[in-house]
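Try each task before reading its solution.

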Amino acid sequence: MGSLRGSGGGDAEERSEDGEKVGLPALEVALAFPQATPASLFPPAVSDYYQLDDLLTDEEKALRKKVRAITEKEIAPIMTEYWEKAEFPFHAIPKLATLGLTGLTMKGYGCPGLSITASAISIAEVSRVDASCSAFILVHSSLAMSTIALCGSEAQKQKYLPPLAQLKTVGCWALTEPDYGSDASSLRTSATKVPGGWHLDGQKRWIGNSTFADVLIILARNADTKQLNGFIVKKGAPGLRATKIQNKIGLRMVQNGDVLLNKVFVPEEDRLTGINSFQDISKVLAISRVLVAWQPIGISMGVYDMCHRYLQERKQFGALLAAFQLNQEKLVRMLGNIQAMLLVGWRLCKLYESGKMTPGHASLAKAWISSKSREVVSLGRELLGGNGILVDFLVAKAFCDMEPIFTYEGTYDINTLVTGREITGIASFKSAVLAKARL
């Protein structure tokens, strides 16, 4: 008999290389471990200890309640299966559309025109249940749609935004390249002027939604001016190829891809005329970084809620886990982190709304909140013991999902350097050795 293959899905049977069944199907988790409730029946929200709701408007509270109810009902029961398979639940897209978040802060064209605060708490609520779904919404709305809204012509807005707002079409946003991650402004994908339009050549990597997106926002370097330009590329364009990146340990439902461009023709009407330098996309990234800072807040809320319930269901040594001092200390430390994260995130939104937010503000919030969330999910993993490595109980999934979030939209280190430059007036991004060599 050949070596065994992993079973993959929770109820799948293991098979040998010749297809022969080996062993029995896995037990449903509720039967295998009846002492605690899995995340498919999501726990009550109990992390708002300092009552952040008092800082929200009635409309923001109502939206938070709506998003929470829909994600708990529609996403929680399916997230473990699709995360484990590393597939996106396309059948859930209409349910995500009912959240009323698509387009977030944009007004008109079928978009909800939410405040940045309403957008942020909504992203947190989606992330509380599943971070992959919140990443799908953010890539689609705060990157792809925002770029068209802020940098596109009126004709482009009229053509592309309404179907994107209804999730009849899906967007992605392609900046990062294999050789340029944190150093994204040095990208090499080129845009060459040809009769009637442009030819795009190059490669992008880690592009969320790219394997199935209908509309791809491609950022490329103008071959003549050497400045950044933006382009709208349609799915199926000749010379365009998007392939899935395999073997991720986090955000497994998100379909990140390698995007290859080989003389992809883009008509002149699909060039985003508002992008003529890297600085022109800073307003897009400002919105995105605020909202991405709320993903780890939501993840931490979900982990705390799960642990809070678990400790009051699971018994050891004849007592509930919640009765042990060490467990209470960890739970309280998690709760304290969440209160601080919520207040930093809320203040960041208010700075943005008042026009006072700087790049350093956004970078500090994203870096610090992500680092505190990492601690929360790590403590949660400890509290759940053996079940802390099972996706069924949420914490293991959240633990893994925090790793890509800690890295994207600026790594922790790069974001600290953005803030460091702002408070000292000294840029320290490049190696001291490299800087010395150029003198």
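**Exercise 1.** In which helix is lysine 397 found? Work out also whether this residue is buried or exposed, and list its contacts beyond the sequence neighbourhood.

*Solution.* Please keep in mind throughout that this is a predicted model.
- Step 1: Start with the secondary structure: lysine 397 belongs to helix H11, which spans residues 395-407.
- Step 2: Turn to accessibility. The relative accessible area of lysine 397 is 2%, and the cut-off for buried is under 20%, so lysine 397 is buried.
- Step 3: Set aside neighbours within four places in sequence. Lysine 397 then has contacts with Met79, Trp83, Val129, Asp130, Ala131 and Val391.

**Exercise 2.** How many disulfides does the structure hold? Explain the result for cysteine 111 and cysteine 151.

*Solution.* 
- Step 1: The count of disulfides is zero.
- Step 2: Recall what is being looked for: a disulfide is a covalent bond between the sulfur atoms of two cysteines.
- Step 3: Take cysteine 111. Its closest cysteine sulfur is in cysteine 151, 15 Å away, and that is too far for a bond. The cut-off for a disulfide is 2.5 Å.
- Step 4: Now look from the other end. Cysteine 151 is in no disulfide either, and its nearest cysteine sulfur is that of cysteine 111.
- Step 5: Cysteine 111 is buried at 12% relative accessible area, and cysteine 151 is buried at 2%.

**Exercise 3.** Describe the chain as a whole: what are its secondary structure, its dimensions and its share of buried residues?

*Solution.* 
- Step 1: The chain has 13 helices and 14 strands.
- Step 2: Its radius of gyration is 23 Å, close to the 22 Å that the globule rule gives for 439 residues, so the chain is as compact as a globular protein of that length.
- Step 3: Along the principal axes, the C-alpha atoms fill a box of roughly 75 × 60 × 50 Å.
- Step 4: Of the 439 residues, 50% are buried.
- Step 5: Carbon and sulfur atoms account for 55% of an accessible surface of about 19,700 Å².

Definitions and conventions. Residues are numbered from 1 along each chain as its sequence is written. This is a predicted model: local features need pLDDT of at least 70, side-chain atom pairs count only at pLDDT 80 or more; totals for chains, interfaces and linings use all residues. Side-chain values use heavy atoms; hydrogens and water are left out. Buried means under 20% relative accessible area, exposed over 50%, partly exposed in between (1.4 Å probe, protein chains only). Helices (H or I, at least four residues) and strands (E, at least two) are DSSP runs, numbered from the N terminus. Contact means heavy atoms within 4.5 Å. The radius of gyration is taken over C-alpha atoms; the globule rule is 2.2 Å times the number of residues to the power 0.38. Accessible areas come from the Shrake-Rupley method with a 1.4 Å probe; for residues, only the protein chains shown count as cover.
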